[in-house]
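Subject: Structure handover

Hi,

As promised, here is the structure for you to look through.

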Amino acid sequence: MEKPVHILHALLIFHLLGAAAASDQEGWWSIDCGAGGGSRVVNGSISWVPDTNYTKVGTNARLPQNQALEEMNTLRFFPNKTENNCYIVPLEFPGFNYIVRAGFYYGNYDGLSKPPTFDLKLDRENWTTVNTSSSAKGGIPIYHEAIYLTRSRNLTVCLEQTRDGEVPFISSMEGVPINYIYDEVLDTTTATLHLVARTNFGGPEIRFPDDIHNRIWTRGITPPNCHANVSIAIADTLFLVNDEPVSMLLDYIVSTKVNDPIILTVDIPPQSTPLPAYFVFYLADLSYHSNGSVIRAMQIYINGLEMSTVTVDFYSSKAVTFYPLDVMGPTINITLVATDESNLPPNINGIEIFTRHDLVGHSGSPLSPYSPSDTSKHFLSIYVLLIYIICLVALFP
């Protein structure tokens, strides 16, 4: 017979598991572009290094005012209009899928009050167009992230000027090899997934170490007919499909009335043709319900199309995925509506949305994934399992 675990105990277990997994960061790289000096360590384990070993072009600059994130205080800009404004990053695990994230914060470093727009390339193929207007003085950092199947022992990231007088720059670059997550898509395609949104509803921004893959979950907007909440009661079983952070599953927004839908809009760069998209809805109900006859069930609509009817089991979580679904910009409309049988309003904890891009020139077979330290990873898995067993024994003597 399964016993309910108090949410504080669940948090303890998963923080211990996360800490153990985070101790193995083989293949990670965090580059502080434009920084001088040596490396620095944040959150006890992420080592940020200067970019001098990865590029020989461009010029360093420091922002006039300090930012909360140290890596956003410096940048490297590329005044020469050339296609060779590139970083070359050696990969420890060629053939793996990598989360690749580039960060940009303009901050009026040049005193011109003219944040640039330019192109970003991944292994010489078009990745995305970077518009840095929202990172002007007083703005927020801009991130572009992709899940990319590497095909050589080096990864090349290039910046290309596309407008006269607008000089490309970059503040940070990060990479994390991944395996056994997002399997619904990564097991069926070698294409690149571009992150559109990764949102934590009802709570603050989430980063490492809560997310053991160093993903960033931005704080979501709460619609006017909803309120934000945090689960503080009991949780029986948590199924983590994509190693989603437990703290995200504790945060949620819920409609104030059963018959009120949750309506969300997600901005997406406009494109000339539809793109196949990958949606992951994270739904959990970890709160205590004194009335055992209540039901939380909802219909999920994307751009007016009914996708699924989902029942959220109490004291558990689930990830509901849709792929492929063609989308176009400038927005994606999402609606969650309670079913006729439901006597609880709809809720949502988090969401991830990616679009799939087939980069030109990457039709060849990728390298076979190889890890020179597979043995150490097996020992890590055993270590994590032992911690989990010890926690269970302590909780249930």
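The torsion about the S-S bond between Cys86 and Cys158 is about 105°, so this disulfide is right-handed. A disulfide here is a pair of cysteine sulfur atoms within 2.5 Å, and the S to S distance for Cys86 and Cys158 is 2.0 Å. Cys86 sits in strand β7 (residues 86-90) and Cys158 in strand β12 (residues 154-161), so the link ties together parts that are 72 residues apart in sequence. The structure holds one disulfide.

Please keep in mind that this is a predicted model, where local features need pLDDT of at least 70, side-chain atom pairs count only at pLDDT 80 or more, and totals for chains, interfaces and linings use all residues. Residues are numbered from 1 along each chain as its sequence is written, and side-chain values use heavy atoms, with hydrogens and water left out.

Are the cysteines buried or exposed? Buried means under 20% relative accessible area, exposed over 50% and partly exposed in between (1.4 Å probe, protein chains only). Cys86 is buried at 9%, and Cys158 is buried at 2%. Cys33 is buried too, at 0%, as is Cys226 at 8%.

There is also an open, antiparallel sheet of three strands in the order β5-β6-β13. Strands β5 (59-62) and β13 (169-170) are at the edges with a single partner each, so one side of each has no neighbour in the sheet. Strands are DSSP runs of E, at least two residues, numbered from the N terminus, and two of them pair if DSSP finds at least two bridges between them. Two bridges join β6 (residues 74-77) to β13, with Phe77 opposite Phe169.

Best wishes

Terms used. Helices (H or I, at least four residues) and strands (E, at least two) are DSSP runs, numbered from the N terminus.
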